[in-house]
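Colleague: Could you take me through this model before I set anything up on it?
Modeller: Gladly, here it is.

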Amino acid sequence: MSTEQTFKRITTKALGLLKKKGIKITALTAYDFITAKLLDQAGIDLILVGDSLGMVFQGNETTLPVTMDEMIYHTKAVTKAVNRSMVVVDMPFMSYQLIADEGFRNAGRIMKETNASAVKLEGGERVADTIKKISDAGIPVMGHIGLTPQSIHQFGSYRERGRDKEEADEILKDAKIIEQAGAFSIVLEKIPAALAKQVTESLTIPTIGIGAGMHCDGQILVTPDMLGLNVDFHPRFVRTYANLADECTKAFTNYINDIRKLKFPSKDESY
Ligand code: KIV
C-alpha cells in the first residue's frame with residue numbers, strides 16, 4: 001500500500017499517523033543522488049543516510065571510521081534528489097558520545113548544512129540526555145537500539161541482541177527512556193521478533209525494524225544488500241529483491257567485449 005496520496009511530504013507527524021493507522025512505514029538507505037531519486041520516485045517513506053556507507057560504500061570493516069564531513073557530503077547529494085521522502089542522517093561514531101553539548105552542536109551542523117529532516121543516533125539510556133538536548137532544540141531525533149554497529153567492539157560480533165532476559169529487559173527499558181527523551185522513532189536492529197513486538201506495543205512512537213521481525217511499525221534494509229550488490233553479505237534478515245551484482249558484471253563484460261571487437265562505438269554513436 002502506497003502512502004503517496006495521503007502525504008505530499010513525509011514528516012515526523014506523518015510517521016506517527018502511519019503507526020496510529022497501522023500502515024507500515026517503508027525505509028531504505030541511500031548515499032548518493034541517483035539512488036535517492038529512484039527511492040523517492042518509488043514512494044519510499046524514509047531515506048536513511050546511514051553510516052553503513054562506511055562499509056558498503058567505503059569498504060571499511062566497521063562503521064567507526066566514518067566522519068561528520070563524510071556524512072554531510074553524502075547527505076547533501078541525497079537531499080538534492082528528494083521531494084517527498086523524509087531524509088534522516090546517521091550521526092557518526094564519536095560525534096555525540098562524549099558529551100551532550102557536542103552531540104547537539106554536531107546535530108545542528110548536520111541540519112544546517114544538509115537540508116535533511118532528522119538525525120539518528122545509537123544507544124539507550126546513556127544517550128538520553130543528548131537526545132533530549134537535540135530534540136528540545138527542534139531537531140527530530142531517531143533512536144537506534146538492539147544491535148548498534150558503532151558498539152561492535154564492545155559486543156564482539158554482529159549476532160542478534162536481546163536473546164536473554166536481562167538484555168531484553170534493558171532494550172525495552174532503553175526504548176521507553178529514548179521515547180521519553182523526545183525521540184520521534186526508534187530503529188530496532190537484530191532483536192527477536194517477540195521482543196520487537198513488545199517494544200513496538202509499549203511505545204507511542206513508531207519502531208523501524210531491521211532483522212527485528214514483522215511486528216515493527218516499519219522496515220528498513222541497507223539498499224545495496226537488498227539489491228544484491230553486496231555479494232558477500234547474506235544474513236537471514238536481508239531479502240534480495242534484485243541481483244544487480246550479476247546484472248552489472250554482465251553489462252561490464254559486454255562493454256569490454258564490444259570495445260575489443262570494435263562493436264562500440266557504432267556509427268550511430270559517433271559524431
Ligand atoms: O547505518 C545504517 O544503514 C543503519 C541501518 C542499518 C538502520 O543504521
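Colleague: At what angle do helix H8 and helix H9 pack, and how far apart are their axes?
Modeller: Before the answer, note that this is a predicted model, in which local features need pLDDT of at least 70 and side-chain atom pairs count only at pLDDT 80 or more, while totals for chains, interfaces and linings use all residues. Residues are numbered from 1 along each chain as its sequence is written, and side-chain values use heavy atoms, with hydrogens and water left out. Helix H8 (residues 165-181) and helix H9 (residues 193-202) pack at about 25°, with their axes 10 Å apart. Because angles under 35 degrees count as roughly parallel, over 145 as roughly antiparallel, 65 to 115 as roughly perpendicular and the rest as oblique, H8 is roughly parallel to H9.

Colleague: How are the axes and helices defined?
Modeller: Axes are lines fitted to C-alpha atoms, for helices over the stretch in contact, and angles run from 0 to 180 degrees between N-to-C directions. Helices (H or I, at least four residues) and strands (E, at least two) are DSSP runs, numbered from the N terminus.

Colleague: And how do the axes of H6 and H8 cross?
Modeller: The axes of H6 and H8 cross at roughly 25° and come within 8 Å, so H6 is roughly parallel to H8. For H5 and helix H6 (residues 128-136), the axes come within 9 Å and cross at roughly 40°, which means that H5 is oblique to H6.

Colleague: Switching to the ligand, which residues are around it?
Modeller: Counting a residue as near if one of its heavy atoms lies within 4 Å, the residues around the ligand are Thr29, Leu48, Gly50, Asp51, Ser52, Asp90, Lys120, His144, Val187, Ile210 and Val222.

Colleague: Which polar side-chain atoms lie how far from ligand oxygen atoms?
Modeller: A polar side-chain atom of aspartate 51 lies 3.1 Å from a ligand oxygen atom, and one of aspartate 90 lies 3.0 Å from an oxygen atom of the ligand. For serine 52, a side-chain N or O atom is 2.6 Å from an oxygen atom of the ligand. The protein covers 95% of the 260 Å² of accessible area (Shrake-Rupley method, 1.4 Å probe) that the ligand has on its own.

Terms used:
Polar contact = N/O pair within 3.5 Å; in protein donor to acceptor, adjacent residues only side chain to side chain.
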